[in-house]
Amino acid sequence: MRKLVPSPSLPTVTALAGTPEMAAVALALALRGWWEEVNGSPAWQDGAFFSLSAAYALVSAVALVQLIRIQLRVPEFGWTTQKVFHLMNFVVNGVRAVVFGFHAQVFLFQTKVYTLVLLDLPGLLFFSTYTLLVLFWAEIYHQAKNLPTDKLRIIYMAVNGVIYVIQVCIWIYLGTNDSPLLEPVSKIFISVVSFLALLGFLIYGGRLFFMLRRFPIESKGRRKKLYEVVGTVTAICFTCFLIRCIVVAMSSFDPDLSLEVLDHPILDFFYYMLTEILPSALVLFILRKLPPKRVSAQYHPIR
């Protein structure tokens with residue numbers, strides 16, 4: 001249970017009456033009272049989580065429409081990186097929409113590990129989805145530098161596989177043991193995963209961004225377009241994973257910042273809006289251009 005800030009004693013109030021310090025104390029208490037009221041209000045909880053559900057459903061629908069458009073444009077190609085990226089966006093955002101649509105049941109499971117699985121699994125899928133961009137940019141960078149690319153996909157799958165195995169082991173242990181220390185460990189693990197993602201965007205997104213400044217690509221206009229797309233998407237993804245890394249790490253030590261409870265609707269709303277919904281919507285908008293109808297062998301998702 002979270003502890004309320006005790007009210008100032010009568011002598012303190014008398015001494016501070018009519019002073020700026022008293023006004024600040026009164027404002028702080030008023031804000032604290034409003035925050036507690038909002039957190040405990042079913043109306044605010046429903047409003048925040050149903051809004052998240054609707055926003056996730058919209059992004060999921062956009063990803064599905066874009067996937068269908070790509071398939072109709074180039075039906076002769078199989079599951080390219082671009083198609084997989086949009087499919088995973090559809091799945092991640094769709095699962096989030098369902099989870100937050102049933103938030104009253106999800107957050108009130110008697111077995112806490114079920115709530116953690118439903119909240120953390122889409123987060124891991126979000127990691128896998130957007131590190132596909134890191135993989136794609138790493139392949140471009142290695143090809144431009146005449147470096148081998150055959151092991152990049154293996155590394156991507158291996159890293160993701162290890163992360164999922166570790167997370168499943170944590171969930172299993174949480175489901176069979178009531179240790180209060182393991183839940184913070186699980187949050188720190190999610191924070192580390194987010195740090196790996198932002199590091200990937202910083203390294204390969206940054207390298208590709210600066211390489212495009214001096215690398216001749218057919219025409220000046222196309223080079224500028226690729227330069228802007230890579231730079232913008234890298235900045236968006238780096239920022240969202242940085243926010244996730246910091247907030248999740250802080251929540252592992254401060255219960256007032258916990259994201260796995262029903263009575264933090266405003267915190268949850270802004271957290272998921274800034275770390276998943278807005279970044280996904282912006283990236284899908286930036287990468288909205290369809291591939292050309294006729295290409296030689298493979299096409300790239302960023303054109």
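Among contacts between residues at least 6 apart in sequence, 74% join residues at least 24 apart in the chain. The model is a predicted one. Its chain contains ten helices and zero strands, and from the N terminus on the elements accordingly read α-α-α-α-α-α-α-α-α-α. The chain has 303 residues, of which 42% count as buried. Its accessible surface comes to about 16,300 Å², and carbon and sulfur atoms account for 70% of this area.

Helix α6 spans residues 112-144 and includes Thr-129. The relative accessible area of Thr-129 is 1%, and because this value falls under 20%, the residue is classed as buried. When neighbours within four places in sequence are left aside, the contacts of Thr-129 are with Phe-85, Met-88, Asn-89 and Val-92.

Helix α6 also packs against helix α10, which covers residues 265-286; the two axes come within 12 Å and cross at roughly 35 degrees. The crossing of α6 with α10 is left-handed. On the α6 side, the residues involved are Leu-119, Gly-123, Phe-126, Tyr-130 and Leu-133. The residues they meet in α10 are Tyr-272, Thr-275, Glu-276, Ser-280 and Val-283. Sorted by class, the residues of this contact comprise six nonpolar, three polar and one charged.

Key. Residues numbered from 1 in each chain as written. Predicted model: local features only at pLDDT ≥ 70, side-chain atom pairs only at ≥ 80, totals over all residues. Heavy atoms only, no water. Helix = DSSP H or I, 4+ residues; strand = E, 2+ residues; numbered from the N terminus. Buried < 20%, exposed > 50% of the residue type's maximum accessible area, 1.4 Å probe, protein only. Contact = heavy atoms within 4.5 Å. Areas by Shrake-Rupley, 256 points an atom, 1.4 Å probe, with all protein chains shown as cover. Axes fitted to C-alpha atoms, helices over the stretch in contact; angles between N-to-C directions. Left-handed = near helix turned anticlockwise from the far one by under 90°. Nonpolar A, V, L, I, M, F, W, Y, C, P; charged D, E, K, R; others polar.
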